[in-house]
Each structure stands twice: as structure tokens, then as C-alpha cells.
Amino acid sequence: ENSPFSARALIVAGELMVAMGRYDEAIEYYNRAIALSPNRQWFLFNQASVYLSKNNTAKAFEISQSAFALEESFDEARIRYAYLAFITDRSQLASELLLSKFGTLAVNDNTLLNYYVQAKRFDLVAEIWQDRTVNEPLNLQNWFSYAGSLLAQNKTRQAIEVMQKALKNFPDNQTEIKQAIE
């Protein structure tokens, strides 16, 4: 049956195959779902992620490029496409995708954050964690992560200043924070 519901059922079956490490079978389910609903951007991104799991980054990028073209205004799609551009050595494209929409490479997204850590772009990691301390000031882990990203850049004085600000926000965690400062 050619309905979005049956396509979604195929996607769920594909996700189950991914969870079991049966990537080729997952791709088959995704292919069938995409045949039923070819304009569903997330179906394509799911398929791209399976190719990424199989270390076929070229195919993952190709699929993500097609998915992004379906709806370029969707922020999450732009971020996924930029991530795949980064990991396939298309940094210029990734930068253009992010800068044109967000005005920065330091987009507050876990996938990009993890990529930047692996790429040792601690300047961008620090920007993201700083943004998180502003948007979620009551999350102590954000403060520790922000300070850690500054330490990774040998910015010890600034890391200490961040933790001193955390001391003011988290009086119940003074012992833990003071140990981190020392």
C-alpha cells in the first residue's frame, strides 16, 4: 500500500535492523519506504546514517545532499548535511551551509559539537558550551564542559573565571567546583 503509514512502518523496521547491526537489511527497508514516500527528508537522512554506519561516507553524503535539496529551509536538515560535508572533507561547503543560515559555525547541536571535539576545534566547542551556559545557566555540567573546552585551548585563567561564576550559581556544589578550580 502506498501510504505514508506503510512507509513509516518500513522505517521502523529499518531502525530495528540498524539496532541489531543488520545494515544491509535496514537499507532495503529504507529503500522501500523511500519508494513509497520519496519526498520524506528524514527517510533519506535515516538511510544516509546507515551508510555512515557502514563507513560509506561518499554514499551517505550523496543521500544527504538529495535530502537537503528537498527542503533547504529546515534547520535540522541543514545541520545534518553540513555534518556530512565536514566528515567527507567538504569543509568549505559545510561552513557555507552553517554561516549562511546561522551566522556562525558554533551551532548549538550535539552532532556538530561531537564533530568539533573530534576535529579538535575547541574554539567552536567553547562557543557552544558558552551558549549553553547562557541558555541553561542552572545546568552545572554545562559550566564544567565550558571550562574544560577552555582548558583544552590552554586558557587556564578563563577556565578558572568560568568556574568562579559557577560557584555563584551553585552554592550547594562549592566543594566540587573548588576542587575543579585547583
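Student: Which ring does the charged end of Arg90 sit over?
Tutor: Phe61's ring, with 3.8 Å to its centre. Sitting over a ring means NZ of Lys or CZ of Arg is within 6 Å of the ring centre and within 35 degrees of the ring normal.

Student: Where do these values come from?
Tutor: This is a predicted model, where local features need pLDDT of at least 70 and side-chain atom pairs count only at pLDDT 80 or more, while totals for chains, interfaces and linings use all residues. Residues are numbered from 1 along each chain as its sequence is written, and side-chain values use heavy atoms, leaving out hydrogens and water.

Student: OK, new topic: how many aromatic pairs are there?
Tutor: The whole-structure search gives eight. Rings of Phe, Tyr and Trp (its six-membered ring) pair if their centres lie within 6.5 Å; planes under 30 degrees apart are stacked, over 60 edge-to-face, and the rest tilted. One of them is Trp42 with Phe45, a tilted pair at 5.1 Å centre to centre and 45° between the planes.

Student: Is Phe45 buried or exposed?
Tutor: Buried, at 6% relative accessibility. Trp42 is partly exposed at 34%. Buried means under 20% relative accessible area, exposed over 50%, partly exposed in between (1.4 Å probe, protein chains only).

Student: What about Phe86 and Tyr115?
Tutor: They're stacked, 4.8 Å centre to centre with 15° between the planes. Phe86 is in helix 5 and Tyr115 in helix 7, so the pair ties together parts 29 residues apart in sequence. Helices here are DSSP runs (H or I, at least four residues), numbered from the N terminus.

Conventions: Helix = DSSP H or I, 4+ residues; strand = E, 2+ residues; numbered from the N terminus.
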